[in-house]
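The sequence and structure are shown first, and the description follows.

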Amino acid sequence: MTLESSWPEGYQLVQGSSLDRARLLTTMGNAYTELGATQLGHLDKTIDLHFSGPSVLWWLEKKDTTRVGFTASMAAPIGCLWLGQSINQLTGLMQAYVYLVYVAPTHRRQGLGRRLMEHAKTWANEQGYEQLSLQVFMHNQTALKLYSSLGYTKKATLMTLDL
């Protein structure tokens, strides 16, 4: 399923499927490597845990009209949006949750991440959720600025102690 509306010329949002597990793993690996992750073996388990549950996946792709017989699913994804659900630990209510939002470095600063997040909000509203949550690393200032500009507010801080 291709979602053409509201995307800049040449871009399209394509709904993924359960067959996209390997593609999702690669994209998550790229995202976490960019954030400084040194171990990626856990991503398989993350996908196993959440991809089989109530989640939905979209790929942001660049249209290629020059290749005959070319389909969007053959394109290297330039962006990804993976949504599911979680439980709000304060209210006990189910909420929409952003597992992954990603735009490849060469396609950033064009408003694509913002559009992906707007799509997430629309989807969450359509599903009847009253809240959309996500986790962001504190050193990811670009993402923090984006989420803040979209109206997200900090509700908790994840604290760790290295042992």
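## Overall architecture

Helices, as named here, are DSSP runs of H or I with at least four residues, numbered from the N terminus. The model is predicted. The protein chain contains four helices and six strands, and their order along the sequence is β-β-α-α-β-β-β-α-β-α.

Of the 163 residues in the protein chain, 37% are buried. The accessible surface comes to about 10,500 Å², with 54% of that area belonging to carbon and sulfur atoms. When contacts between residues at least 6 apart in sequence are considered, 60% join residues at least 24 apart.

## Helix α1

Helix α1 covers residues 21-34, that is, 14 residues. From its first C-alpha to its last it reaches 20 Å, close to the 20 Å expected at 1.5 Å a residue. After α1 comes Gly36, which has a positive phi, near 100 degrees.

Which residues of α1 are buried? They are Arg23, Leu24, Thr27, Met28, Gly29 and Ala31. These buried residues pack against helix α2 (42-51) and against the strands β3 (56-62), β4 (79-87) and β5.

## Nonpolar cores

The largest nonpolar core has 22 residues, and those touching the most other members are Leu60, Leu83 and Trp123. At least two residues of this core are supplied by each of β2 (11-15), β3, β4, β5, α3 and α4 (141-149). Helix α3 gives the most to this core, with six residues.

The surroundings of Leu83 can be listed in detail. Leaving aside residues up to four places away in sequence, Leu83 touches Pro54, Ser55, Val56, Trp58, Tyr97, Val98, Tyr99, Ala120 and Trp123. A second, separate core has 15 residues, including Leu24, Ala31, Leu57 and Trp59.

Ala96 lies in strand β5. Is this residue buried or exposed? Ala96 counts as buried because its relative accessibility is 0%. Apart from residues up to four places away in sequence, its contacts are Gly84, Gln85, Trp123, Ala124, Tyr129, Gln131, Leu132 and Ser133.

His107 is located in a loop, between β5 (94-103) and α3 (112-126). Its relative accessibility is 15%. Buried means under 20%, so His107 also counts as buried. With residues up to four places away in sequence left out, His107 touches Tyr11, Lys62, Ile78 and Leu112.

## The largest pocket

Rolling a probe the size of a water molecule over the atoms shows where empty space is left. In this model, the largest pocket has a volume of about 1,300 Å³. Its lining consists of 34 residues, and Ser133, Leu134, Gln135, Thr153 and Lys155 lie nearest its centre.

Two or more lining residues come from each of β4, β5, α3, β6 (132-134) and α4. Which element provides the largest share of the lining? Helix α3 does, with five residues.

Key
Residues are numbered from 1 along each chain as its sequence is written. This is a predicted model: local features need pLDDT of at least 70, side-chain atom pairs count only at pLDDT 80 or more; totals for chains, interfaces and linings use all residues. Side-chain values use heavy atoms; hydrogens and water are left out. Buried means under 20% relative accessible area, exposed over 50%, partly exposed in between (1.4 Å probe, protein chains only). Contact means heavy atoms within 4.5 Å. Accessible areas come from the Shrake-Rupley method with a 1.4 Å probe; for residues, only the protein chains shown count as cover. The expected span of a helix is 1.5 Å times one less than its number of residues. A nonpolar core is a set of buried Ala, Val, Leu, Ile, Met, Phe, Trp, Tyr and Cys residues joined through side-chain atoms within 4.5 Å. On a 1 Å grid over the protein atoms alone, a cavity is a set of points where a 1.4 Å probe fits but cannot get out, and a pocket is an open set with protein on both sides within 12 Å along at least five of seven lines; lining residues have an atom within 4 Å of a point. Grid points are joined across faces, edges and corners, and a volume is the space filled by probe spheres set on the points.
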